Amino acid sequence: SCTENTKTVAEHAANILNADIYEIVPAIPYTSEDLNYSNSASRTSIEQNDPNARPQISGNVENLEGYETILIGYPIWWGQAPKIIYTFLESYDFSGKTILPFCTSASSPLGTSADNLHAVCPSSVRWLDGRRFGAGTSRETVEGWLSDMGFSSPGEGECKHNYIEE
């Protein structure tokens, strides 16, 4: 996210679980003009209003088949996940994997964003209930959430979970 809030939560989770991070980077970076929410002609306004928009991603995940559980984080744009998250989910085979979504927003809730993302995944994906985090989310808050979701730190069961963040 342009505010670093999503990155911060992802880094907390990765540190807690000793996990990998993959950053979803747009092939064409977003400028401040692109992110102007009050301009209906801005790039993100146009993308978010087009159900078929799928911005290209720079790079790819190697060995996705080696991961069983993925946390996917994203900022809330216009009440939903950015369209590049749809691009990501549609670019890989997540069959049989577990996905735990989280979003960051100053005020918007998770809402239907996770349900809409789940809809583009194969039916064999185990999609867990996600959570919204605000700015300045502490490591302790993320740790409590992960614990509540049944994810323990390595050494508390020697599991390793993996994250993907926007």
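## How to read the model

Because the structure is predicted, local features are described where pLDDT is at least 70 and side-chain atom pairs count only at pLDDT 80 or more, whereas totals for chains, interfaces and linings use all residues. Residues are numbered from 1 along each chain as its sequence is written, and side-chain values use heavy atoms, with hydrogens and water left out.

## Two buried strands

Helices (H or I, at least four residues) and strands (E, at least two residues) are DSSP runs, numbered from the N terminus. Strand S4 covers residues 69–75, and because 7 of its 7 residues are buried, S4 is largely enclosed by the rest of the structure. Here buried means under 20% relative accessible area, exposed means over 50%, and partly exposed lies in between, with a 1.4 Å probe and protein chains only. On one side of S4 are Thr69, Leu71, Gly73 and Pro75, and on the other are Ile70, Ile72 and Tyr74, all of them buried.

Strand S5, residues 98–104, is mostly covered too, with 7 of its 7 residues buried. In a regular strand the side chains alternate between the two faces of the sheet. Thr98, Leu100, Phe102 and Thr104 point one way from S5, while Ile99, Pro101 and Cys103 point the other way.

## How the strands pair

Two strands are said to pair if DSSP finds at least two bridges between them. S4 and S5 pair in the parallel sense over 7 bridges; Leu71 has Leu100 in S5 as its bridge partner, and Pro75 stands opposite Thr104 in S5.

S5 also pairs in the parallel sense with strand S6 (residues 126–127), over 2 bridges, and here Ile99 stands opposite Trp127 in S6. A further parallel pairing joins S5 to strand S7 (residues 131–133) over 3 bridges, with Arg132 in S7 as the bridge partner of Cys103.

## The helix between S4 and S5

Helix H3, residues 83–91, makes a right-handed β-α-β unit together with S4 and S5. A crossover is called right-handed if, with the strands pointing away from the viewer, the path from the first strand over the helix to the second runs clockwise.

H3 is largely enclosed by the rest of the structure, because 7 of its 9 residues are buried. These buried residues are Lys83, Ile84, Ile85, Tyr86, Thr87, Phe88 and Leu89.

## Residues in the loops

Asp34 lies in the loop between strand S2 (25–26) and helix H2 (43–48), and it counts as buried because its relative accessibility is 16%. The side chains of Asp34 and Arg43 are joined by a polar contact of 3.5 Å; such a contact is a pair of N or O atoms within 3.5 Å, where, within protein, one must be able to donate a hydrogen and the other to accept it, and residues adjacent in sequence count only if both atoms are side-chain atoms. Phe151, in the loop between helix H5 (139–148) and strand S8 (162–165), counts as buried because its relative accessibility is 9%. Phe151 and Ile16 are 135 residues apart in sequence, but 9.7 Å apart in space, C-alpha to C-alpha.

Asn18, in the loop between helix H1 (5–17) and strand S1 (21–23), counts as exposed because its relative accessibility is 52%. From C-alpha to C-alpha, Asn18 and Ser153 are 7.3 Å apart in space, although 135 residues separate them in sequence. Asn63 is found in the loop between strand S3 (57–58) and S4, with phi near 60°, a positive value in a residue other than glycine. Trp78, in the loop between S4 and H3, has a positive phi as well, near 55°, and is partly exposed, with a relative accessible area of 37%.

## The second largest pocket

A pocket is an open set of points on a 1 Å grid over the protein atoms alone, with protein on both sides within 12 Å along at least five of seven lines, and its lining residues have an atom within 4 Å of a point. The second largest pocket is lined by 13 residues, of which Thr3, Asn5, Pro75, Thr104 and Ser105 lie nearest its centre.

How values were computed
1 Å grid on protein atoms, 1.4 Å probe; cavity = no way out; pocket = protein on both sides within 12 Å on 5 of 7 lines; lining within 4 Å.
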